[in-house]
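Hello,

Here is the structure we talked about handing over. Please load it first; my notes follow below.

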Amino acid sequence: MNEKNGDMPREIERKYLIVMPDRVKLALIPDCKVTQIMQTYLADDGDGMCRRVRKRGNPQEGWQYTLTKKRHVGKGERIELEEELTAEQYHALLEEAAPDRQTICKTRYVFPFRKQVFELDVYAFSEVLATLEIEVEQIDTPVQLPSFLTVLADVTEDERYSNHALSEKLAFPER
């Protein structure tokens, strides 16, 4: 497959480090969807892509399971291949968990703001910081950040804030 010609699925997103917002107020945002995510990184299988499995949903509505493979290809841009799994496949793949990583547990709030859709992740390991992401068509697409959030930094290109890096210590890096 030719990556340069866009034959592989791509994800372009901007990522921001933010001050932990009031979670009760977040859930009250019109059309806000809240979901629980457990994300485990798998050992390298030699194809040059970072692999993870994810359990997403909640006990009331049920769970979805996915295997995702990603590779960084440019500023804020990754090739992303994703497939749905059964619960049995998910649990079998957990046996391949990377020994130097821990499972990330987070609550995701997905909400619209000024004709954009944001994903705000609250991590179980932090009471003071969170991340905000938005998928964009081009890395330089203008983004109107929600005025009710306190943005500390654009961390799009800072790999220390990738979920893969965060899974090493379950802590945000020193700033």
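How do the residues of the lining of the largest pocket divide into nonpolar, polar and charged? This is a predicted model. In it, the lining has 21 charged residues, ten polar and six nonpolar.

More on that pocket. Its space comes to about 750 Å³. The lining counts 37 residues, and E11, E13, R52, K70 and E80 are the closest to the centre. Elements that give two or more residues to the lining include strand 1 (10-19), strand 3 (50-58), strand 5 (77-85) and helix 3 (163-169). Strand 4 gives the largest share, eight residues.

Next, the core. The largest nonpolar core holds 18 residues. I18, F111, L120 and L132 have the most contacts inside it. At least two residues each come from strand 1, strand 6, strand 7 (116-123) and strand 8. Outside its sequence neighbours up to four places away, F111 touches residues including I29, C32, V117, F118, L120, L132, F148 and L149. D31 and Q116 are also among the residues that F111 touches.

Now the overall fold. The protein has nine strands and three helices. The order from the N terminus is β-α-β-β-β-β-α-β-β-β-β-α. The radius of gyration is 16 Å, close to the 16 Å from the globule rule for 175 residues, so the protein is as compact as a globular protein of that length. Its C-alpha atoms fill a box of roughly 45 × 40 × 35 Å along the principal axes. Of the 175 residues, 44% are buried. Among contacts with a separation of 6 or more, 61% join residues 24 or more positions apart.

Best wishes

Definitions and conventions: Residues are numbered from 1 along each chain as its sequence is written. This is a predicted model: local features need pLDDT of at least 70, side-chain atom pairs count only at pLDDT 80 or more; totals for chains, interfaces and linings use all residues. Side-chain values use heavy atoms; hydrogens and water are left out. On a 1 Å grid over the protein atoms alone, a cavity is a set of points where a 1.4 Å probe fits but cannot get out, and a pocket is an open set with protein on both sides within 12 Å along at least five of seven lines; lining residues have an atom within 4 Å of a point. Grid points are joined across faces, edges and corners, and a volume is the space filled by probe spheres set on the points. Helices (H or I, at least four residues) and strands (E, at least two) are DSSP runs, numbered from the N terminus. Ala, Val, Leu, Ile, Met, Phe, Trp, Tyr, Cys and Pro count as nonpolar, Asp, Glu, Lys and Arg as charged, and the others, Gly among them, as polar. A nonpolar core is a set of buried Ala, Val, Leu, Ile, Met, Phe, Trp, Tyr and Cys residues joined through side-chain atoms within 4.5 Å. Buried means under 20% relative accessible area, exposed over 50%, partly exposed in between (1.4 Å probe, protein chains only). Contact means heavy atoms within 4.5 Å. The radius of gyration is taken over C-alpha atoms; the globule rule is 2.2 Å times the number of residues to the power 0.38.
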